[in-house]
Structure formats: C-alpha cells, structure tokens
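My entries follow in the order in which I made them.

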Amino acid sequence: MLILKFLVLIALVLSIGADDDGLVVKIGAIFFDSETKLAEALDAAIEEVNALNPVLRLESAKHYLTVDDSILLQDLTCDLIGNGVAAILGPSSKTGSDIVEVLCNMTGIPHLQFDWHPQESFRERLNHQMTINVAPSELILSTALYDILRSKSFDWKSFTIAYERDAHLARLQHIFAWKQLHKTGIKLQEFQRGDDYRILWKRISNSREKFVLLDCSSDILSEVINASIGFNMTGSFNNLFVTNLDTHLSGIDRFYSNEFRVAVAAIRIRTYVPPPVHDEIDVFDNVEEDRFASLATQLIYDAIVLFYNAMLQLSQRSGFYAPQFSCGRGFWQPGPLLVQQMKELSPKQVKPPYKTQRLQITADGQREDFNLEVYNPIIDHVTHIWNKEFQLVDFDKIRENSTKALKQRRLETKEDFSQKTVKYTVATRVGKPYFSWRKEPEGVHFEGNERFEGYAVDLLYNLAEECKFDFHFEPVRDNKYGSYDAKTDEWDGIIRQLIDNNAQIGICDLTITQARRSVVDFTVPFMQLGISILAYKEPPPEANKYAFLKPYNMNVWLHLMVAMLITAMALILVGRMDPYEWEPPVQNEDSEQEIENTWHLHNTMWLVLGSILNQGCDLLPRRLPMRLLTAFWWIFALLISQTYIAKLAAFITSSKMTGSIASLHDLVDQNKIQFGTLRGGATSVYFSESNDTENRMAWNKMLSAKPDAFTKNNEEGVDRVKLNKGKYAFLMETTSLQYYTERNCELTQIGESFGEKHYGIAVPLNAQFRSNLSVGILRLSEKGILYKIRNKWFNMNGTTCDHNGPTNDDGQFDMDAVGGLFVVLIVGIIVSFVIGVVEFLWHVHKIALKERIKPMVAFKGEVNFLIRVWLRRKPLRTYRQSCDSTSTGYSSLGQMTSTSSAKKRKK
C-alpha cells in the first residue's frame, strides 16, 4: 500500500512538473492560421497572470488550423489532451464542428470559448457541459439591440437591415420578432465580402430608406460605408446603426468631416476602467496598450484570467492532480470542479480585473451579464450604457470620475457634425396665401428665402427661431401636394420629395391623411379647418318698379284692354237693342215724354273694369241677352284675374329661389350648377373614400361631369367660379375659401363647413426632429403667434366687400320692389284730379253762359263754395249780380250760410 502511494506521488510530481516557482499548468489553444493576433493575445494574457502569483504558472500549447476540417480538429484536440493540458481554448466560430466540445465533455477537460457560436439545444448542451463561453450571449445582445432601437432616444419605426452573408443574424432575432418584414417595417439587403458595395447602397437609396442597420465585419466596414457617399446616404437626416462590436477599430473615424453628417451609432462591450492614477511612470511614454484592442483579444484575456483564478483556488484543495491520459482513455475528475469554480467566481474576486465589465458565467456556461456602450464611432463619444438589469441609461447620468471619463471629456471638445445645427430643405408648393413669390420693388432684388412670402413662410421663420434651426425653401417642380398613383406605385409632389430624402420638411396647406401618414410623419396640426362650397355671389337684381306687370307680357295687356273695350261696346249695342234695358219714360224740358238707356260707354267700362278687379257694380242687366253677355265677361274676368294672381305668386317665388343652394345636399340634388374640387388633393380623397351616401353621390357627379369638374390648383377653381358666374361651384378648404372671399367681392361661402381636417408639417418617417417641431408649434400656439399669422394672411386685406349687404332670403319686399304700385296710384290720382279740374272749369263756363254773367264771377262763386268743405248743401246760385262795380257776388252763399246757422240754433 505504501509502495502504491509512493508511485502515485512520483507520477504527480512528474506530470505537474513542479519546481521551485510553484505549480505549472498547461493550457491548450487551437487557432486558424489567420488568427495570429489572437495567439499573441493569449501569450500576453498568460504572461500577465503569471506575474501575479508564483504559486501557479500557466504554459500554452498552441495548434493551428489551415482549413476547417473536423478530422484534423479531432486529432489536434486529442494531441493537446495527450500532452496534459488542463483546458483547451478555441477554436473560433469559423469552424462548423463541435468535436472539441464533445471530446472535452468526454474527458473532463474544460473548454473555453471566446466568440459566438450557434445557439444550442437542450440535447447539445448535454454534450457541452464542460464548455465555458466568455463572449456575450447572442440572445442577450439581441435583447439589447431591441431595447436600443425602440427607445425614445432612437425610436426607429422602419429601417433596412444590410447584413453580410456570413454574419450571425441570431443577435437580431428580437428585432425580427418586433417588426414585420415589410416596406413599412423591416427590409433586408444582403451582400457579400468583395461585392461592389455601391450596388447595395443603390438598392437602399432607391427604396428611399434613411434608417440603416449595418451588420458586417469590422475589417470591411469602412469600405462599405465609403460606398454610400455617392448615393446621398450621408446627409444630416440619415441614420446608421452598426452592430459590430469592433466598430471603433474599423477606421470609420476617417470620415469625420463637415460633409459626413449621418447620425452614426454603434455598440461595444464596455471595458474595464481602472481607478485614477496620479503618479507618472514615464512622462515620455505615450504608447497606448493595444494588445487587447479588439473584443476577441479582450475575451481571450478574460478567459485566461477566469481560468487562472479558478485553477488557483482549486489547486489548493486536497486531491487535485493534473490530467495525464490520452484521448478517450480517461476522465479528469477535477475538471467538472474547475468548471463549477469558474461559474461561481464573481468579477470582484478575480485578479487581475477582466478587460470587459461584469463577467459572470451562468449555470449553462454562458455569459448574460455585461455592459454595452452605445457611442458615436466617428468622434468616439459615448451616449448611453445598456445593461440587462438597467436597460438603456443616459451615459451622463452614470459617468464616473475616472481617467476614461477624463479622456471622454477631452474628446467632447471635438465637434460632432451630426449634432450640428442643421439646415433643413423645405419642400413646398406655390399657392396663395400659404406660399407665393414675393413682388420685387423697382431696383430691389431678393435672394434666398426673401424671395417668398405667405403664411407658411412666416410660420417657418417663427418655428425656426423657436426650435433653433435653419432652412431654405425648395418649391416642388410639379407644384403638387402629394398623391399616390396606384398604377405606378409612386407618390408625387411634396410627399415624394420627403420620401426621396430630397427634403426634410414639407409645409403648405398640406392635409394630414392616413395614406400620407403611411409614408411620412406629421407634426401636431397647426391649423384646423373643414370643407365648404365656394360659389359666385349673384349681384342683387335691379329694382323694377313695374314688376307687378311681369306675369303678363305687353301683348297680353294690349289684348286685355282691347277685350275690355270690345266688351263695353258689345254691352252698349245689346243694351240699346233690348227694349227691357230702357228706363221708364220721363218728361223733358219741352214737356215731351222720352225714355233713357243707362248702357252707355261710361257705365259699361265701369262694369267691365269692376269685374276685372273683382269689385261690385250697381249697374246690373235685366234681361237674358245682357245677363248672358255679362256672365261670360265675368267668367273671363275671373280667370284673367286669378291667373294673374297665380302667375304673380309664382314669379315672386321663383325670384326668391334664385341662389337657393345652401348646403352640399342642395348642390347634389340639382343639375343646373356643376361643382368640383382640386384633383388629387385631400378634399378629393375625402369624397372618394367616404362611405357617406351624400358624399359618394357628390363624388360620382364630379367624375361624370362634362367638362371635367376637377382643377389643377385652387387658383384655377376660383377663376372658374368667377368666369361661370353661378354655373360652377368649387369645394375647398375653409381657410383658403376665406382668403379668396375676403379678396373677391363676387365670391361667397355657401352653407356650413363639413369634413373636419387638419394641416400639419410633414417630415420623413421616423424623423427624430418631428417631436421638436411639434413642441415648437404648441409653443407658438400658446404665445398667440399662430393666431396673429392667420389673421395677417386671411383677414387683413385692402378690399372693402360688403359681406353684410341686403339679402333676398328674408321674404320681404322693399319700396324698390313695390314702388310701381305707388306710381300707378299717384298717376291715377293726378289724372283724376286733372279731369276733375277740367270738368269744374267747364261747369263754370256753362254757368256763365246760362246766367249771362262774367266767367270770373261764376268762377269765384264756385271756388268760394269749393273751399268751404264743411258745407254739404249747395245753392243753385253761388253768386249775386250787383248793380255797382263793387259787388262781390256772394250774397246767395252768405244767406245760405246764415240760414244754416239759424237752423242749427233752433235745433
């Protein structure tokens, strides 16, 4: 028994190779021929840890692969195991075989990995229980990228993923689950090392993409990005996110210039930051440590440190021995204990510290805890730190007082051109009052933005002052708002410029619609409006005092007068022929018996006229011929008068119906007035996509109208309304309608507005400055600036239109309308008075002849009685013939007056 223990002790001493310096443990490594820098990093790491403690020293045994050959890999692994290595590092993920993991699992030799390998299933993990991977888990990296891109700082809604064919897309699995593969979600563009990368960027540029996630090797990254310069992908409003963790080593910082303004972001594992060092070793030694610059070299270093610290603790336990057996002929019992020890080590327990922060191995041998830096690789400026526990945190909140932080502060003095105050290109269209060319006074020439004026110009000047940016206007060539053509699958106008990244802001009377929101973003609305009807204001008709004659034309009135005359003459003839129409005989002045006929021209005309006017008459026929003739005249008179009344009422009603269109319903229900709207505008979309029956009827009428009811712009629609003078109406936004009615007195708005709409500022999809513009608009609204601008361009003008003039919809007539009736009355009074005067003078003349007196005496006597209107009885003689020249000729009238007074007293 003693002999056996002695032999075992001898074997241990020989295998371990103990010497005066302590325990020596071999560690094997397998690299490809192209990975010489990794091999150098392994030697440097071993050298560094060996200097810490003389109790334990590591020695490396390296093998190299030329090609990925699983059989050769098996032979190299078995050779390392046969040489007594206590762990095997590698190979990298270039190999597609897991033979090293399987052999290590069979022999109990720990296997160390330092880069990404395909995600393992449960059965695969059973064969890889001895494997430790210090590289960050791809699953957690995928979670990190997902958290970053959907954070408020990035807020990527749709983007293109450009990836190298050999890249590990497993780190993007959460992003694929987050967004659908669609033109409004994620688009994929694959390329291969050595391709013409210009083709890649041309495809991306043609898709009008401004957000690109680039996943490729760091050694070709600079070349790939350089190819994007010729395709307008490096402007101020482009965004590039690089997923490679070695982007800072790619040389991408060479693009630093005022022309390269793309917002670039990248990620990398945050390295260990040593505490401040206040004393200098060598003031002239400015050589930075670059042996562990890449992530792979840092992870090799961390794997060696992890293995060294675990081995240091395990070797001090009893029963530890070094492996000494061939492949497949033994199992190293301390191996599982060593793996478990590596899983239990915390970062604070290891010396020297890890190159990467928060290295902690899980029970599955994976690394899920690490700090991830989000930074701008152009200027090496860190913006955020991501951690599994805290997620994305602003770097300024957690900046520590360290030499790294001091270096970072020095780097901040380097200007970040991607964050520099940018100059937005503003796409717009010419259309008053929002945007128009400014008239140049004689001898004055405007340049730049001074060439334009309008509501949008004033709004953007105030918004630029509020949000601190610069801009210049670029009117679109086709002068269109932006509509979608289903045949070509293309947009035009302002929307097209934003999609093509030729402009960053689109502003005018641009309505926010769902179709437009699918390809661009909008700020909060700066104006709320509706749709209304622009129509021609009919001038008030000239007052016609004789409008009551309109029901009959002149021919009818002439025939009516002739009929009255003929009927009067017929009544005279029939009345004279009928013996029963004569009055009983009376005795005349000569004592002769004579009979009288009352049917003379005066009486018959009175009967005829009274019948027409529906008035009674005390002259009535006695026998059948006259009664029959009179009855037929009454029938004729009744029909004529009632027809006149009916026609007069209809005439009045029709005159009141002129301009009776008061709403869209009235407009749709008639066929006299054609109506239309702007072709391709938001108003036409409102009608074409509406499910309302009335709106659909209006749209169908506009489509079927001949000539075409649509116009190219609002100005054409307004001119068409004025030229057609009531035969055409134009449907447009209420704000523009208000502008034109204020400046054109012959135009008016019909009815109330309908179809609530909003104007907003359009920006490219996912534009990060959209929220800034929205906040600026809200501030301008709160300050009352939006109201002032609107009042300036829509209400203030030099015209003096009478918008409160008389209307003809109140159902009342004024004196201009019925003045003719008063004229008829006045003329009748004057004519009758004139005839009365003539008859009065003729009566005076007859008295003078009969009484043989002077006409003047008779005239004075008659006038004297005439003016005494209170006298109701007239003497036969109103004069008195005097013998002297001073007689007045009023004695008879005076006696009559005194006699009348006496009678009154007696009573």
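**Entry 1: cavities**

I noted that E26 gives the most to the lining of the largest cavity, with four residues. The model is predicted, so I kept to its limits: local features need pLDDT of at least 70, side-chain atom pairs count only at pLDDT 80 or more, and totals for chains, interfaces and linings use all residues. Residues are numbered from 1 along each chain as its sequence is written, and side-chain values use heavy atoms, with hydrogens and water left out.

I took a cavity as a set of points, on a 1 Å grid over the protein atoms alone, where a 1.4 Å probe fits but cannot get out; lining residues have an atom within 4 Å of a point. Grid points are joined across faces, edges and corners, and a volume is the space filled by probe spheres set on the points. I found five cavities of 30 Å³ or more, and the largest holds about 90 Å³.

I then listed the lining of the largest cavity, which has 15 residues; nearest its centre lie Tyr481, Leu678, Gly681, Ala682 and Glu733. Helix H21 (682–688) and strand E26 (728–733) are the elements that give two or more residues to this lining. Helices (H or I, at least four residues) and strands (E, at least two) are DSSP runs, numbered from the N terminus. I sorted the lining into seven nonpolar, five polar and three charged residues. Ala, Val, Leu, Ile, Met, Phe, Trp, Tyr, Cys and Pro count as nonpolar, Asp, Glu, Lys and Arg as charged, and the others, Gly among them, as polar.

**Entry 2: helix H26 and its partners**

I looked up H14 (residues 455–467) and H26 (residues 785–794), whose axes come within 10 Å and cross at roughly 160°. H14 is therefore roughly antiparallel to H26. Axes are lines fitted to C-alpha atoms, for helices over the stretch in contact, and angles run from 0 to 180 degrees between N-to-C directions. Angles under 35 degrees count as roughly parallel, over 145 as roughly antiparallel, 65 to 115 as roughly perpendicular and the rest as oblique.

I recorded the crossing of H14 and H26 as right-handed (the near helix is turned clockwise from the far one by less than a right angle). The contact (heavy atoms within 4.5 Å) includes Tyr455 and Leu459 of H14 and Ile789 and Trp793 of H26. By class, this contact has seven nonpolar, one polar and three charged residues.

I next took H24 (residues 734–743), whose axis comes within 9 Å of that of H26, with a crossing at roughly 40°. H24 and H26 are therefore oblique to each other. H26 gives Arg790, Trp793 and Phe794 to this contact, and the residues of H24 include Tyr739 and Glu742. I counted three nonpolar, three polar and three charged residues in the contact of H24 with H26.

**Entry 3: helices H8 and H9**

I found H8 (residues 197–206) and H9 (residues 218–226) packed at an angle of about 60°, their axes 9 Å apart. This makes H8 oblique to H9. The contact is made by Tyr197, Leu200 and Trp201 of H8 with Ile220, Glu223 and Val224 of H9.

**Entry 4: backbone**

I noted a cis peptide bond from Lys351 to Pro352, with omega near -5°. Pro352 is in the loop between H11 (334–344) and E11 (371–376). A cis peptide bond also joins Lys706 and Pro707, with omega about 0°.

Definitions and conventions. On a 1 Å grid over the protein atoms alone, a cavity is a set of points where a 1.4 Å probe fits but cannot get out, and a pocket is an open set with protein on both sides within 12 Å along at least five of seven lines; lining residues have an atom within 4 Å of a point.
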